[in-house]
Amino acid sequence: MAESLLDAVGAIAAEVGAVARDRFRGDYARWEKSPDNPVSEVDLLADRLLRERLSALDPEAGWLSEETEDSAERLLGSRTWVVDPIDGTRDFIRGRDGWAVSVALVEGGRVMLGVLDAPVRRQQWR
């Protein structure tokens with residue numbers, strides 16, 4: 001996978017992480033998708049931003065996200081973005097720093113790249 005694509009995905013994850021960090025420990029709506037499965041409006045905002053930015057990078061790639069209803073349409077292409085917009089929603093909601101923006105690109109069943117951006121900790125893994 002081209003280093004420039006990895007750099008672009010890293011920049012997108014950092015951008016979305018910064019948006020979420022700005023709302024961290026603030027006032028935002030939160031609820032349970034199902035029992036003991038929390039979500040917040042920040043999760044959904046991060047999901048929308050990731051989808052916009054990553055789809056612009058690779059419009060042909062499918063989409064699989066913890067915060068978006070799955071669609072069989074993602075199986076039509078050879079690549080799929082797999083994301084968890086706020087990986088660690090419980091920590092996010094509780095004001096703990098153990099959350100991150102998680103992004104991977106899967107092609108033919110193999111992970112081609114992955115980025116985990118922990119904005120409060122100011123760390124990013126690729």
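Are Phe24 and Phe92 buried or exposed? Phe24 is buried, and Phe92 is buried as well; buried means under 20% relative accessible area, exposed over 50%, and partly exposed in between (1.4 Å probe, protein chains only).

This is a predicted model, in which local features need pLDDT of at least 70, side-chain atom pairs count only at pLDDT 80 or more, and totals for chains, interfaces and linings use all residues. Residues are numbered from 1 along each chain as its sequence is written, and side-chain values use heavy atoms, with hydrogens and water left out.

**Aromatic residues**

The structure holds four aromatic pairs. Rings of Phe, Tyr and Trp (its six-membered ring) pair if their centres lie within 6.5 Å; planes under 30 degrees apart count as stacked, over 60 as edge-to-face and the rest as tilted. Two of the pairs are listed below.

| Pair | Centre to centre | Angle between planes | Class |
|---|---|---|---|
| Phe24 and Phe92 | 5.4 Å | 45° | tilted |
| Tyr28 and Phe92 | 5.4 Å | 50° | tilted |

Phe24 lies in the loop between H1 and strand S1 (30-34), whereas Phe92 belongs to helix H3 (residues 89-94), so their pair ties together parts that are 68 residues apart in sequence. Helices (H or I, at least four residues) and strands (E, at least two) are DSSP runs, numbered from the N terminus. Tyr28 is buried, with a relative accessible area of 6%, and for Phe92 the value is 1%. Phe24, Tyr28, Phe92 and Trp99 form one aromatic cluster.
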